[in-house]
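Hi,

Here is the structure I promised to pass on. Have a look at it first, and my notes on what turned up follow below.

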Amino acid sequence: MCIRYLQISFRSRRLAAKLPWRKIFLFSSFTETQGMVVLEAMSAGLPVVALQATGVEDMLSENKGGFLTKNDLEEFNQKTVLLLKDNTLWNTKKTEALQKAQDFSIENMSDKVINLYNNLIKKNK
């Protein structure tokens, strides 16, 4: 099995264009505080294998769209190989990833903010 790693600069504006032709997204950072790159990968339909860390946990809650692992190289590798070998599981995680990314779409997030403001205005009347 050949695994090619894509090195992407965090400053790259072409990230989304580079992701769709990949199979999975591996994320092994403990310092990402918002999980944005994970969400970008999920919006490209990539299942994610990531270390359990703040921010990323919100994106992969209940292992929907991929897998969260402890800081354990063996577990991280097992989940990676599992996604690469099991096409049924990969398709399930891909579908979950796309659904989760849609939850955070600009349309859905805008609606949530508008609803929040409307509720606050009603409370203060």
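Lysine 93 is buried, because its relative accessible area is 8% and buried means under 20% (exposed is over 50%, partly exposed is in between, with a 1.4 Å probe and protein chains only). Its salt-bridge partner is glutamate 96, with 3.4 Å between the closest N and O atoms; the term stands for a side-chain nitrogen of Lys or Arg within 4 Å of a carboxyl oxygen of Asp or Glu. Glutamate 96 has a relative accessible area of 14%, so this residue is buried too. Both residues belong to helix H5, where they sit three residues apart, about one turn of the helix. A search of the whole structure gives one salt bridge.

Before you go further, please keep in mind that this is a predicted model, in which local features need pLDDT of at least 70 and side-chain atom pairs count only at pLDDT 80 or more, while totals for chains, interfaces and linings use all residues. Residues are numbered from 1 along each chain as its sequence is written, and side-chain values use heavy atoms, with hydrogens and water left out.

Now the overall layout. The protein has six helices and three strands, in the order α-β-α-β-α-β-α-α-α along the sequence. These elements are DSSP runs numbered from the N terminus (helices are H or I with at least four residues, strands are E with at least two). Of the 125 residues, 34% are buried. The accessible surface comes to about 8600 Å², and carbon and sulfur atoms hold 51% of that; such areas come from the Shrake-Rupley method with a 1.4 Å probe, and for residues only the protein chains shown count as cover.

What about the inside? The largest nonpolar core has 16 residues, and Val38, Met42, Val48 and Leu60 touch the most other members. A core here is a set of buried Ala, Val, Leu, Ile, Met, Phe, Trp, Tyr and Cys residues joined through side-chain atoms within 4.5 Å. Two or more residues each come from strand E1 (25–27), helix H2 (36–43), strand E2 (48–51), helix H3 (56–59) and helix H5 (87–103). H2 gives the largest share, five residues. Another core, of eight residues, lies apart from it and includes Leu51, Phe76, Leu83 and Leu89.

Two single residues may also interest you. Leaving out residues up to four places away in sequence, methionine 42 touches several others, including Val48, Met59, Leu60, Ala97 and Leu98; a contact means heavy atoms within 4.5 Å. Threonine 80, in helix H4 (residues 73–85), counts as buried because its relative accessibility is 5%.

How many aromatic pairs does a search of the whole structure find? There is one: phenylalanine 25 and phenylalanine 27, stacked at 6.3 Å centre to centre with 15 degrees between the planes. Rings of Phe, Tyr and Trp (its six-membered ring) pair if their centres lie within 6.5 Å, and planes under 30 degrees apart count as stacked, over 60 as edge-to-face and the rest as tilted. Phenylalanine 25 counts as buried because its relative accessibility is 14%, and phenylalanine 27 does so at 7%.

Finally, the outside. Val113, Leu116, Tyr117, Leu120 and Ile121 form a nonpolar surface patch with about 480 Å² of accessible area together. Patches are made of residues with over 30% relative accessible area and no salt bridge, with like charges joined within 9 Å and nonpolar side chains (Val, Leu, Ile, Met, Phe, Trp, Tyr) within 5 Å.

Best wishes
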